[in-house]
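Please go through the structure below with its fold, ligand shell and charged contacts in mind. A short briefing on these topics accompanies it.

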Amino acid sequence: MSYAERPVIGISSCLLGQKVRYDGTAKLDRWLVDQFGKHVDYRPFCPEMAIGLGTPRPPIRLVGTPEDIRVVGVDDPSVDVTEALEDFALSTAAQLPDISGYVFMSKSPSCGMERVKLYADKGPAQKKGVGAYARVLMQSLPNLPCEEEGRLHDALLRENFVNRVFAYRRWQTLRRDGLSAKALTDFHARHKYMVMAHSQAAYQRLGRLLSHLKGVDLDQIADAYEAEFMNALKRRVGRKRHVNALQHIQGYLKNRIDGDDKKELADSIEAYRREEVPLVVPMKLLRHYFRCHPDNYIDQQWYLDPYPESLGLRNNI
Ligand code: SF4
């Protein structure tokens, strides 16, 4: 299967090694550049540079309450760049209708997605803030897969983000190429086991959305489908849910492989359940058996092959 068109990913410029931070340094992330960068094209943005703060520059920080946050100078609180950062986020979101993901730099008062230090009038800072640029960008593009570089060091979060990026790219390609009832139902069928692993209830809700497609506004249905689909994929998948999906797929081999092979496959799924082997082990075995005994329906399932294997993401979960 070909995964999708090459996704375009927005990213905080400093993560690509650009020396744009307040102190004139960068924050190069090797995995993003050397590994993920082989499979995606980056569109870097530094909101603080874009609003004219230059580098090096006096530092800024978040002040206020979680409901009312301002971005002001640390040394000179009369410098308030909140609106400038929010306006830049709006104009960036408008430029990026085809972007398939965004990686933000963590802890930044502009780019941090969550738990950014927020200073009140008195007392120590609390990690309850969201960077002004990241907040408005995420609100403007609510279905866009977004992550922070810090969280991407966690194997489960990394795999979840990359899966969402490639799934979103496929969805964007479908919408760009023209909606039809057939295209929507094919997309839904091909993502069956992927969505079911995340949430069976979401898969059923998505199915109901597509149950009456004659004479309806397909754009309206697609908007609702996109929100539900991307929301379902955000949910982390534990071993139990993967085991469930693997066993369903294993059922398609029931009359095609002999007893020894069935036992080998079942043992490998059990070993995964017991945390003795990573997900890649039963996945590879399943794919091997379906190569020897092809099944049209299973061959189309993105769950078995959702993103470039060379990223090695299923070796660590
Ligand atoms: S965190 Fe954002 S604002 Fe700060 S240097 Fe990096 S890209 Fe620029």
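The notes below cover the overall build, the ligand site, the cysteines, the salt bridges and one lysine.

This is a predicted model, in which local features need pLDDT of at least 70 and side-chain atom pairs count only at pLDDT 80 or more, while totals for chains, interfaces and linings use all residues. Residues are numbered from 1 along each chain as its sequence is written, and side-chain values use heavy atoms, with hydrogens and water left out.

**Overall build**

- The protein chain contains 13 helices and eight strands; both are DSSP runs numbered from the N terminus, helices being H or I with at least four residues and strands E with at least two.
- The C-alpha trace of the protein chain spans about 75 × 50 × 35 Å along its principal axes.
- Of its 317 residues, 48% count as buried, where buried means under 20% relative accessible area, exposed over 50%, and partly exposed in between (1.4 Å probe, protein chains only).

**Ligand site**

- The ligand sits in the largest pocket.
- A pocket is found on a 1 Å grid over the protein atoms alone, as an open set of points where a 1.4 Å probe fits, with protein on both sides within 12 Å along at least five of seven lines; a molecule sits in it if more than half of its atoms lie within 2 Å of its grid points.
- There are 13 residues around the ligand, and Cys14, Cys46, Glu48, Met105 and Cys111 come nearest; a residue is near a molecule if one of its heavy atoms lies within 4 Å of it.
- This shell divides into seven nonpolar, three polar and three charged residues. Ala, Val, Leu, Ile, Met, Phe, Trp, Tyr, Cys and Pro count as nonpolar, Asp, Glu, Lys and Arg as charged, and the others, Gly among them, as polar.

**Cysteines**

- The structure has zero disulfides, a disulfide being a pair of cysteine sulfur atoms within 2.5 Å.
- Cys46 has a relative accessible area of 15% and is therefore buried.
- Cys292 counts as partly exposed because its relative accessibility is 45%.

**Salt bridges**

- The structure holds 20 salt bridges, each a side-chain nitrogen of Lys or Arg within 4 Å of a carboxyl oxygen of Asp or Glu.
- Asp34 and Arg30 form one of them, at 2.8 Å from N to O. Both residues lie in helix H1 (residues 30–35), four residues apart, which is about one turn of the helix. Asp34 is partly exposed at 33% relative accessibility.
- Asp80 and Arg70 meet in a salt bridge at 3.0 Å, N to O. This pair links distant parts of the chain, ten residues apart: Asp80 is in the loop between strand S4 (68–73) and helix H3 (82–95), and Arg70 is in strand S4. Asp80 is partly exposed at 35%, and Arg70 is partly exposed at 27% relative accessible area.
- Asp219 and Arg175 form a salt bridge whose closest N and O atoms are 3.2 Å apart. The pair links distant parts of the chain, with Asp219 in helix H9 (residues 218–234) and Arg175 in helix H5 (residues 155–177), 44 residues apart. Asp219 is partly exposed at 44% relative accessibility, as is Arg175 at 24%.
- A network of salt bridges links Arg175, Asp219, Asp223 and Glu226.

**Lysine 117**

- Lys117 lies in strand S6 (residues 116–119) and is partly exposed, with a relative accessible area of 46%.
- Lys117 and Val63 are 54 residues apart in sequence and 8.6 Å apart in space, C-alpha to C-alpha.

Notes:
On a 1 Å grid over the protein atoms alone, a cavity is a set of points where a 1.4 Å probe fits but cannot get out, and a pocket is an open set with protein on both sides within 12 Å along at least five of seven lines; lining residues have an atom within 4 Å of a point.
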